[in-house]
Amino acid sequence: MNRQSFLKSGHTPTLFSAFLYFDVSFMVWVLLGPLAVIIAGEYDLNAAQKANLVALPTLGGSILRLVLGWMTDYIGPKRTGQIGLAVTTLPLLWDWFYADSLQELYIVALLLGVAGASFAAALPLASRWYPPQYQGLAMGIAGAGNSGTIFTTLFANRIAQHYGSWEIVFGLALIPICITFILFSILAKDSPNRPAPKKWADYRAVLRQKDTWLFCLFYSVTFGGFVGMSNYLTIFFNTQYGLSAVRAADFTTLCVVAGSFFRPLGGWLADKIGGIRMLLVLYGAVGALLALISTLPPIGIATVLLFVMMMCLGMGNGSVFQLVPQRFPGEIGIVTGIVGAAGGLGGFFLPKILGNLKMSLGTFTPGFLVLSAIAFASLIIMAAVQSNWKKTWIGEGGKVRLEGAAGA
């Protein structure tokens, strides 16, 4: 790739703004993941309740991504992002000052979904500035904002222990949100290639496409796997290996780093060798790694396996969104919202699977085996649909078909 060509083809301040917005929002979205270990002690939560607490933000994000996707098409991604950042302050303030019961925490958890919904504005904001041959890299850089998880897993429990209160973490999170709002408002710029707002008939047309649902499935495994694991791993390390809240979050950070920083590499490699080829390899690797993790090996081996598995999921996120703009170039706002919502649903069900099966059967093994089977099923489905895709809208292996139009 020619670096200068990439930089000249788009708008770098907007790409940075999209990354920053997604990064800080993602940091807020997963706040309850590491803090759940501390909260569980205060509220005496069982395995299923802990899973609910860390799963609800992803469910809220899944629902609200559809809303922000619609707003992105009608008022533009920049205004949508500004509104999203402003609304994100509400659950933070509520938890900091008012929430004092598990039921209220569940409501706060759902409302944190507005931070996760940032995906629906951040990616179209960046994507619309770049030509097809750079979509994978641009979307990968913007999507690398999921690295915000690292700040949460690394610092949330430390701050909570230092101040003797986990609620203060929500108050302090308001600072980066406000700073990001200012920088985003100054630097971000909507692309002049912004498509006309879509009608409800356009949404129905997209939902009637089989490929829409396939991308929903594929992204629910990669992104859902990443965000679900990011939220649940602190609980896993604490429960399975007896680590303290801070140490369990530190081990989670090691794994999250892989998924966050390898997303752009996944997009770049997908541009080079094709998103289909990438996903076939990555789904197979994730399935095999999850099967190995299900044996619950010593913590050192488990951490290495989880690190590599999260790396594959991160690269898979970039690979999926190398394909999406090629298939739906004129409906990227709609499809980003729909596919992003599916990713959130995947992140909602993953902790539920692990937590509920742990509570019912007394071990994490069945949960990891179920997740492994889902990854292998995705591999089989991708292998089955690729031949039809290559006939209609994409190049060999998932590369951009520069001479062809997106398929029907």
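This is a predicted model: local features need pLDDT of at least 70, side-chain atom pairs count only at pLDDT 80 or more; totals for chains, interfaces and linings use all residues.

Colleague: How far apart are the end C-alpha atoms of helix α12?

Modeller: They are 20 Å apart.

Colleague: Which residues of α12 are buried?

Modeller: Leu174, Ile177, Thr180 and Phe184 are buried in α12. Viewed down the helix axis, the buried residues of α12 fall within an arc of 120°, so they line one face of the helix.

Colleague: And what does the face turned away from the buried side carry?

Modeller: That face of α12 carries Ile182 and Ile186, which are exposed.

Colleague: What covers the buried residues of α12?

Modeller: The cover includes four helices: α2 (12-29), α5 (77-97), α8 (119-127) and α11 (167-172).

Colleague: Let us change topic. How many residues does the largest nonpolar core have?

Modeller: The largest nonpolar core has 127 residues. Those with the most contacts inside this core are Phe215, Met229, Met309, Phe368 and Trp389. Helix α14, residues 210-241, gives the largest share of the core, with 15 residues.

Colleague: Take Met229, then. Which residues does it touch, leaving aside those up to four places away in sequence?

Modeller: Met229 touches Leu290, Met309, Met310, Leu350, Leu354, Phe368 and Leu371. Among these, Met309 and Phe368 are also listed with the most contacts inside the core.

Colleague: Now Leu265. Where does it lie?

Modeller: Leu265 lies in helix α16, which runs over residues 263-273.

Colleague: Why does Leu265 count as partly exposed?

Modeller: Its relative accessibility is 31%. Partly exposed covers values between the buried limit of under 20% and the exposed limit of over 50%, so Leu265 belongs there.

Colleague: What separates the C-alpha atoms of Leu265 and Ala144?

Modeller: The separation is 9.7 Å, although Leu265 and Ala144 are 121 residues apart along the chain.

Colleague: One last topic. How many cavities of 30 Å³ or more are there?

Modeller: The count comes to one cavity of 30 Å³ or more. The largest cavity has a volume of about 30 Å³.

Colleague: Which residues line the largest cavity?

Modeller: The lining consists of Ala47, Lys50, Tyr232, Ile235, Thr239, Lys358 and Phe364. Helices α4 (47-75) and α14 each supply at least two residues of this lining, and the largest share, three residues, comes from α14.

Conventions
Residues are numbered from 1 along each chain as its sequence is written. Side-chain values use heavy atoms; hydrogens and water are left out. The expected span of a helix is 1.5 Å times one less than its number of residues. Buried means under 20% relative accessible area, exposed over 50%, partly exposed in between (1.4 Å probe, protein chains only). The arc is that of the directions from the helix axis to the C-beta atoms. Contact means heavy atoms within 4.5 Å. A nonpolar core is a set of buried Ala, Val, Leu, Ile, Met, Phe, Trp, Tyr and Cys residues joined through side-chain atoms within 4.5 Å. On a 1 Å grid over the protein atoms alone, a cavity is a set of points where a 1.4 Å probe fits but cannot get out, and a pocket is an open set with protein on both sides within 12 Å along at least five of seven lines; lining residues have an atom within 4 Å of a point. Grid points are joined across faces, edges and corners, and a volume is the space filled by probe spheres set on the points.
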